[in-house]
Amino acid sequence: MKDDNCLHAALLCLGMLSYSLAIATERLNPSRPSLHGHHEKGKEGQVLHRSKRGWVWNQFFVIEEYTGPDPVLVGRLHSDIDSGDGNIKYILSGEGAGIIFVIDDKSGNIHATKTLDREERAQYTLTAQAVDRNTNRPLEPPSEFIVKVQDINDNPPEFLHENYHANVPERSNVGTSVIQVTASDADDPTYGNSAKLVYSILEGQPYFSVEAQTGIIRTALPNMDREAKEEYHVVIQAKDMGGHMGGLSGTTKVTITLTDVNDNPPKFPQSVYQMSISEASIPGEEAGRVKAKDPDIGENGLVAYNIIDGDGIEMFEITTDYETQEGVVKLKKHLDYEAKKTYSLKVEAANVHIDPKFINNGPFKDTVTVKINVEDADEPPVFLKPNYILAVEENAGPDAPVGRVHAKDPDAKNSPIRYTIDRHTDPDRYFNINLEDGSITTAKKLDREETAWHNISVLAAEIHNRHLEAKVPVAIRVIDVNDNAPKFSDAYETTVCEKRQSNEPLITITAEDKDDTANGPRFIFSLPPEIIHNPNFTLHDNRDNSASIIARRTSFSRQVQDLYLLPIVINDGGNPPLSSTNTLTIRVCGCDGERMLCNAEAYTLNAGLSTGALIAILACIVILLVIVVLFVTLKRQKKEPLIVFEEEDVRENIITYDDEGGGEEDTEAFDIATLQNPDGINGFIPRKDIKPEYQYMPRPGLRPAPNSVDVDDFINTRIHEADNDPTAPPYDSIQIYGYEGRGSVAGSLSSLESATTDSDLDYDYLQNWGPRFKKLADLYGSKDTFEDDS
């Protein structure tokens, strides 16, 4: 605290000294302003005018961070017209006026009332003016001046980061740049040495150094080895005042990591590896692992393994497991304990990536000897051949010999073998095998045309250990026997014109044979001996497994014979040969240019009518027959009503009298009871269209009174009886009553008056149908005909 007060006192003396020098300079300097204006010559004789200020003031300075008990005197303002009688009043305005800076309005002394910090604000611009104290009239114009905050070394250097991380390759040369650290100082760099920084290293020697002016960290020792020490912690200091005593400082930590380079070769930790593997192992099975250690990391530590020598180089192989950096020794071929019991390998481990800078460090590889012992195992039987191809003739009976397979026990004890057929490969059980000697025979008759090859598998196992078995594929070829006669390759049929225009063959035929080529072609075509002198057709063998049929006659007649069946004999080339007789169908057709008519009916029809006309005539005949049947049916239904009436039926009397009544509303014209069927009153109405199985007895409460005139009740009663009558047809029996009512708004459905009604149908085409349709044409002719007749 005492040192701080001394420092502040010294700074205050310095300020007062600066103030005194400024006043002396102001009074001695003729270029300072005064109250009186004058002229000043400028460049090229130009006259400059300015007003001379009549009061004296300076550019003031104030030291920052002053913490004394009294306000700091910044400076004093004084006017020439001030006689000291107190009539002049000094006024201060501008930045910080009245808050930071205050002025004594009588003496003009300016004081700083607060501690100033240059890093917050470096200068303040103020305006001073002298006025009359009584009237406040300006005695001189206002004038600006600046108060600068003078810097002191009150800010230590600060680094951009508190911690830095950097990498440098191991074994780098001395002076290799690692990283640059930078610090900054908030003090004024233009005033003194407060912001002049110097870098130095506090921790990290003798491995690293730092440049004093730039802050660049460099390596200081050669051949730094990452495998010995990978990480270094360095402390860098930045000090202001050019590094001299009394300067402020700041520090930062730098963590420097040595990155790896391939400067170490791989090394096996031992000179010999011992391994063992069973002779029953299959290729690809692992026998053991070796590992060479490389202290490098990443790709610099990658190691590849190879077998470079040894008597087991053909039996074993080695691969690299890059995850564990191990060499995996695997079996490449099957082992036989009885043949060889031990193997020796020479394995080399070498770096994958080699750095040329360190190639002089020696060969980046190492070798080791691997000894492998083969262990004895109970092995399955071994067939003498990897596969068998056997043959047997088709059509051979059961137990026909096919061939034999043979296996043996490779072990020293040479156990007896048992043979079986894998029935998954022979589901139809065509073959059997002798359990002891492996002889294969047929179990049923074979057909080559059905299956030419049979592929089965034979299993062999030791009698005392059936869990170990061997399998061998056996292909059995069925030898062809000429047991299929040749035949036409297609259902051949051809035609011949009645009048032939050329002597070209009618058709060329070919044959096929299911037997093998040795028993099939070449085919020989011929006619049977009994028709070899056929007067109609002959056959020509083309000697290429085909034959041509040629007509001997120049003309044929369909009326005499329209179809010829020509037998053809085909012989194959088998031993002994087989033959078959096939029939060729030949139709006689009428040929007219490109048209060909082969049907006998078409020949007998009149050539003057086209096919469309014939179809139309047949359709008309069918329509007429249908109309006649409908008329006969309708006429028969009218003559024989469904209800069997007796002669005294009262409804016949009503029809005879031609009195229809007045409808439902007319209840006085006649007694409605007369409409009832006398037989229906008794409860049963005989029907002609059905034969009732039993009599229906109406319910007593539903029969209406004979004298009832309520038509609605009468109809409902009959409807109910019809609905409950099991002997009645499905239609409503109300049709039997002769009551028609007032008529219907529907028109007539009869066709009898169609000739006199307007119709859009045109029947003029009936005129072209011939005399059979003349009557219809007259009845349904055009409207003009009817109008002319009328």
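Select D399 to begin: D399 is exposed, with a relative accessible area of 57% (exposed means over 50%, buried under 20% and partly exposed in between, with a 1.4 Å probe and protein chains only). The model is predicted, so local features need pLDDT of at least 70 and side-chain atom pairs count only at pLDDT 80 or more, while totals for chains, interfaces and linings use all residues. Residues are numbered from 1 along each chain as its sequence is written, and side-chain values use heavy atoms, with hydrogens and water left out.

**Loops.** D399 is in the loop between β29 and β30 (401-404); strands (E, at least two residues) and helices (H or I, at least four) are DSSP runs numbered from the N terminus. Phi of D399 is near 70 degrees, a positive value in a residue other than glycine. Most residues other than glycine have a negative phi, and most peptide bonds are trans. Next, go to M241, in the loop between β19 (231-239) and β20 (249-259). Its phi is near 60 degrees, also positive, and M241 is partly exposed at 27% relative accessible area.

Now select Q205 and P206, which are joined by a cis peptide bond with omega near 0 degrees. P206 lies in the loop between β16 (198-203) and β17 (208-210).

**Strands.** Move to N575 and P576, where the peptide bond is cis, with omega about 0 degrees. P576 is in the loop between β43 and β44. Colour those strands: nine bridges join β43 to β44 (residues 579-592), and the two run antiparallel (strands pair if DSSP finds at least two bridges between them). The bridge partner of L563 is R587 in β44. β43 (residues 563-571) also pairs with β40 (residues 524-526), antiparallel over three bridges. There, F525 stands opposite I570.

**Core.** Select F383, I440 and V474, the residues with the most contacts inside the largest nonpolar core, which has 25 residues. Such a core is a set of buried Ala, Val, Leu, Ile, Met, Phe, Trp, Tyr and Cys residues joined through side-chain atoms within 4.5 Å. β36 gives the most to this core, with five residues. Leaving aside neighbours within four places in sequence, V474 is in contact (heavy atoms within 4.5 Å) with residues including Y388, L390 and I440.

**Helix.** Finish at α6, where V711, F714, T717, R718, E721 and A722 are buried. They cover an arc of only 135 degrees around the axis, which puts them on the same side of α6; the arc is that of the directions from the helix axis to the C-beta atoms.
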